[in-house]
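Student: I have a structure open and would like to go through it by question and answer. Please keep to what can be computed from the atoms.

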Amino acid sequence: MRPLMLHGHERAITQIKYNKDGDLLFSVSKDTKPTVWYSVNGERLGTFNGHNGSVWCIDVNQDSTSVVTGSADNSVKLWDCETGRDLNSIETESAVRTCGFSSPRKLLYYTTDEQMKAKCSIFLLDVVSLDVINVVLVEQAKVTAASWGPFDNFLVTGHENGAVCQYDLRNKDCMKITNPHKGSITDLQPSKDCAMLITSSKDTSAKLYDSSTLEVLKMYKTERPVNSAAISPLLDHVVLGGGQEAMDVTTTTTRAGKFDARFYHMIFEEEIGRVKGHFGPINSLAFHPDGKSYSSGGEDGYVRVHNFDQSYFDFKFEY
């Protein structure tokens, strides 16, 4: 399983994301240039130029015509995916931590950090008119990860204090609050049908939930902080990535830092394999929509695209 090494960023990767068809891979980092690649061969298609700070989040709409990014320069930008043109820029009072399109509706959400006098807030926008439909003030700690629930009826958010919440953005209502993690939630990703979701946390674990009830179904334990987790759309597998804190990385070898991508059986919670490669913590993971490959973005600035060998699909868990 020899990976494609994509090196277009000068600083640590913050998020990677595939489009719905899986032919494009988007990456953002602590430099100012969101980048898009062909996932099949790793060729760089281009960059979206316009931000003046670290870019924390990226999402692409269902037909891959528009891209949204959120940055520490206090702005959300909408881009034309084909040309890379900056279509619109929305100024915010603080850094934008998460963003995402609603698939069936022409809607967009983004969340802002708590800074100075600015409160942590969730914004719901109409993509066509760019009118703010609703603003929800977050009573919990700041939002660190978010994703739409089934049919985009509600937003599921992960927070700095380890809480997971459901928000009805239309009625400005917090529907459910649970506290499954003891540390900050670093990532939150849905399954292919959005029936389940997985969170990763600084408390060295990842947890699988029922999206509607937020009931914890499974837990995957490691020895290091988990920065990202993703659910395979093809097999009953989840992948976890993380490693020692970035500021401590220079004091250890790559072996001691535990910078591997770790695969677990979704149901039995057993580790089934590891993939080495990154020279620092893994910050973001994503499965290809067909489940036959996955990508990881690390603190080392590299995006690695791994196509699974046949042995991965032939593997049967004994029970």
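Student: Which strand does Lys176 lie in?

Tutor: This is a predicted model, in which local features need pLDDT of at least 70, side-chain atom pairs count only at pLDDT 80 or more, and totals for chains, interfaces and linings use all residues. Residues are numbered from 1 along each chain as its sequence is written, and side-chain values use heavy atoms, with hydrogens and water left out. Strands (E, at least two residues) and helices (H or I, at least four) are DSSP runs numbered from the N terminus. On that numbering, Lys176 belongs to strand E17.

Student: Is Lys176 buried, partly exposed or exposed?

Tutor: Buried means under 20% relative accessible area and exposed over 50%, with partly exposed in between (1.4 Å probe, protein chains only). Lys176 has 33%. That makes Lys176 partly exposed.

Student: Which backbone oxygen does the side chain of Lys176 reach?

Tutor: Contact means heavy atoms within 4.5 Å. Leaving aside neighbours within four places in sequence, Lys176 is in contact with residues including Ser212, Thr213 and Leu214. At 3.3 Å, the side chain of Lys176 reaches the backbone oxygen of Ser212.

Student: Which residue takes a positive phi in the hairpin of E20 and E21?

Tutor: Five bridges join these two antiparallel strands, and Tyr209 has Val216 as its bridge partner in E21. The hairpin has five residues between the strands. The residue with a positive phi, near 60°, is Leu214.

Student: How many of the six residues of strand E20 are buried?

Tutor: Strand E20 (residues 205-210) also pairs with strand E19 (residues 196-201) in the antiparallel sense, over five bridges. Strand E20 is largely enclosed by the rest of the structure, because the number of its six residues that are buried is five.

Student: What is the relative accessibility of Thr222?

Tutor: Thr222 is in the loop between strand E21 (216-221) and strand E22 (226-231). Not counting residues up to four places away in sequence, Thr222 touches Thr204, Leu240, Arg262 and Tyr264. Its side chain reaches the backbone oxygen of Arg224 at 2.8 Å. Thr222 counts as buried, with a relative accessibility of 11%.

Student: What radius of gyration does the protein chain have?

Tutor: The protein chain contains two helices and 28 strands. The radius is taken over C-alpha atoms, and the globule rule is 2.2 Å times the number of residues to the power 0.38. For 319 residues a compact globule would be near 20 Å, and the value for the protein chain, which agrees, is 18 Å.

Terms used: A polar contact is a pair of N or O atoms within 3.5 Å; within protein, one must be able to donate a hydrogen and the other to accept it, and residues adjacent in sequence count only if both atoms are side-chain atoms. Two strands pair if DSSP finds at least two bridges between them.
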